[in-house]
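Please read the following report alongside the sequence and the model.

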Amino acid sequence: MLRPCTSQLACRAFSTARIATRPSDLVGNTPLLALSSSLVPDHLKGKVIVKMESMGPCSSVKDRLGLSMINAAEADGTLKPGMTLVEPTSGNTGIALAFIARERGYKLILTMPETMSVERRMMLLALGADVVLTPKETAVSGAVAKAEEIMVELGEQGHMLQQFKNPANPKIHRETTGPEIWADSGENVDVFVSGVGTGGTLTGTSQFFKGYEGTPGVKPDMHVVAVEPQEQMLLTDAMGGEKIGEQGPHKIQGMGAGIIPDVIDLSLVDEIVPIHSDKAMEVASRMWLEEGLPVGVSAGAIVAATLDVMSRPEMEGKTAVAIVPSFGERYFTHPMFEEISQKAHSLEKQPLPEPFDNRE
Ligand code: PMP
């Protein structure tokens, strides 16, 4: 696919020819898509565009982060050939780190709770990572403690990237995600909507729009919307808002990590929209069926929030760009697909047509 060069990543990758020389050159430069199906109600005042981070080489917004953190650690000399990377992650960050670690020749050990699906473990093992499971009772903190224990054993041979704290996280979005959105939209965006896991996507992209450390932004009045699970309204609480309904576990993988991450800069956020897991699953499923777009659960939450915001009268004629963080096939063991899974298992075997032609 020939696309104009809009971000630093793509420009570097394709400076002389349109042939990448290594998988990490394929990170970034994801396309924008204007939603146009029945998902978009007639009364909507503004336009909704999605940025398809699901189209990265390992199918998520975390491809950028994996590359950025490893590049930064190589550049400052903390990561040297022969060293082992250790990270407590079960999610898309683990997959992104696994593919870049393979490309660069680093050993990678990922620690995660035993509740993680077998598909997720297989993806990581197939990419050559070592997977260490921790008891489900200790949840994420157990995986963090195990990673720290492994780091002590490895001593100077180990390196932990720490996505929730690492400045290379927002940096990559400031330098690539933001500029790509701006250029590909024809410099015509009024509202930016992102989910928050580490807060890297939201913070870095918003820094590009609103300005960062003395560098002026390209659109200081951008309306920045952060989306969080309604069942875990930590950001709303931190900004002095009211929590809605019962608080507890949620089902929006990748968002709502249960902490306010160091990486997030809430001063850049104009509004926080809470979305319930059920709503996220409903809208994600409608994106599959009505747009024909296989996306993950968090995309459902982010698009649901965007549709809410863009239906207000003051959004007449405005344009929103919302992040689609990941590809939907990664979530087949998620409750969102329970019904589909049952249907798939109960399909009756049909006799083959006679004579059976196996060339097709
Ligand atoms: N959705 C999904 C599926 C993710 O994997 C992530 C990253 N954890 C996010 C949303 C949120 O991105 P960020 O960490 O940059 O806030």
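The sections below cover the basis of the model, the sheet and the ligand shell.

## Basis

This is a predicted model, in which local features need pLDDT of at least 70 and side-chain atom pairs count only at pLDDT 80 or more, while totals for chains, interfaces and linings use all residues. Residues are numbered from 1 along each chain as its sequence is written.

## The open sheet

Six strands form an open sheet in the order β1-β2-β12-β7-β10-β11, with mixed pairing; strands are DSSP runs of E with at least two residues, helices are runs of H or I with at least four, both numbered from the N terminus, and two strands pair if DSSP finds at least two bridges between them. Because β1 (32-34) and β11 (271-275) stand at the edges with a single partner strand each, one side of each is left without a neighbour in the sheet. From one strand to the next, the twist averages 25 degrees, with axes fitted as lines to C-alpha atoms (for helices over the stretch in contact) and angles running from 0 to 180 degrees between N-to-C directions.

Strands β2 (residues 47-52) and β12 (residues 319-324) run parallel and are joined by six bridges, with Lys47 opposite Thr319 in β12.

## The ligand shell

Around the ligand there are 20 residues, of which Gly197, Thr201, Gly254, Ser298 and Pro325 come nearest; a residue is near a molecule if its C-beta atom, placed from the backbone, lies within 6 Å of it. Helix α7 (residues 200-210) supplies the largest share of this shell, three residues.
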